[in-house]
Amino acid sequence: MIIDAHQHFWDPARADYPWMAADELAPIRRAFGPVDLAPLLRTNGIDASIVVQCRSALEETEEFLQIAHENPFVVGVVGWADLTDASLGDTLDRLRASPGGDKLVGIRHQVHDEGDPEWLLREDVQRGLTAVFAHDLAYDFLVRSRELPAAIATAQAFPQARFVLDHAAKPPIADDGSEMWADRIKALGACGNVWCKISGLATEAVWNDWDAERLFPFVAHAASCFGEDRLIFGSDWPVCLLAGSYGEIKRALEACLTKLGPQLRAKAFGVNATRAYRLAIAE
């Protein structure tokens, strides 16, 4: 089972996406849905995908669960729910009982957009994370270098929980990286309960001037931090279209992972996502 563990669906005509307002994002400011992704998966040899939240709205999570219910290739949903809500447990129960609720595998919040770099450590957020893990869900870290110390402390506070780092914490590839990112992601990798998605890297590079060779040092560093059992492939489609086609992104990441070893590549393209999210599919 080959899995794309990080993709999105959206329709700006039906909902508001504040992060999509910048002029340079105009090429992706249109609807993208299952009918658009399905042929790309087939063409690129991908068997299944995990759809990930785009906005802070329960309605989106419900829509994604319905999509997963109607489209067998969507094997997991990382949705949004308000971590600061004291009744989060009830909300998660309701989501689980809805159509497609059996495919709810994780929760995510756009932490890097919060003004407080220690937002994850707030008492109400930590209480919310407790509810997430009580429902046997993973939590996706959407952070940059600034928020990594709080992510590290959170992973340490919940040693039995499962965390997934999105986009390898968005390394500043266009600026040739940074020691801060390299050191902090290494510290997070030391937490054995965190997996790392190799996704969204091309859009952290110069969009019209990147290739597998340019991405490789960052993939290699993530691999050295998380090991072959905790590295996960994700396309970040359709955000990735800003830098390249689905096929170009997949081929570049596959080249990077293959260079690190065929076993690592094989695990990153399926087994590791299945284990991180406890997907109800055969490995």
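A cavity is defined, on a 1 Å grid over the protein atoms alone, as a set of points where a 1.4 Å probe fits but cannot get out, and its lining residues have an atom within 4 Å of a point. The structure is a predicted model, in which local features need pLDDT of at least 70, side-chain atom pairs count only at pLDDT 80 or more, and totals for chains, interfaces and linings use all residues. Residues are numbered from 1 along each chain as its sequence is written, and side-chain values use heavy atoms, with hydrogens and water left out.

The largest cavity holds about 60 Å³ of space, a volume being the space filled by probe spheres set on grid points joined across faces, edges and corners. Its lining includes Ser199, Trp210, Leu215, Cys240 and Ile249. Helix α8 supplies the largest share of this lining, three residues; helices (H or I, at least four residues) and strands (E, at least two) are DSSP runs, numbered from the N terminus.

Just after α7, Gly227 takes a positive phi of about 80 degrees.

Helix α3 (residues 88-97) buries Leu88, Gly89, Thr91, Leu92 and Leu95. These residues lie on the same side of α3 because they cover an arc of only 160 degrees around the axis, taken from the directions from the helix axis to the C-beta atoms. On the other side, Asp90 and Ala97 are exposed.

Technical notes: Buried < 20%, exposed > 50% of the residue type's maximum accessible area, 1.4 Å probe, protein only. 1 Å grid on protein atoms, 1.4 Å probe; cavity = no way out; pocket = protein on both sides within 12 Å on 5 of 7 lines; lining within 4 Å.
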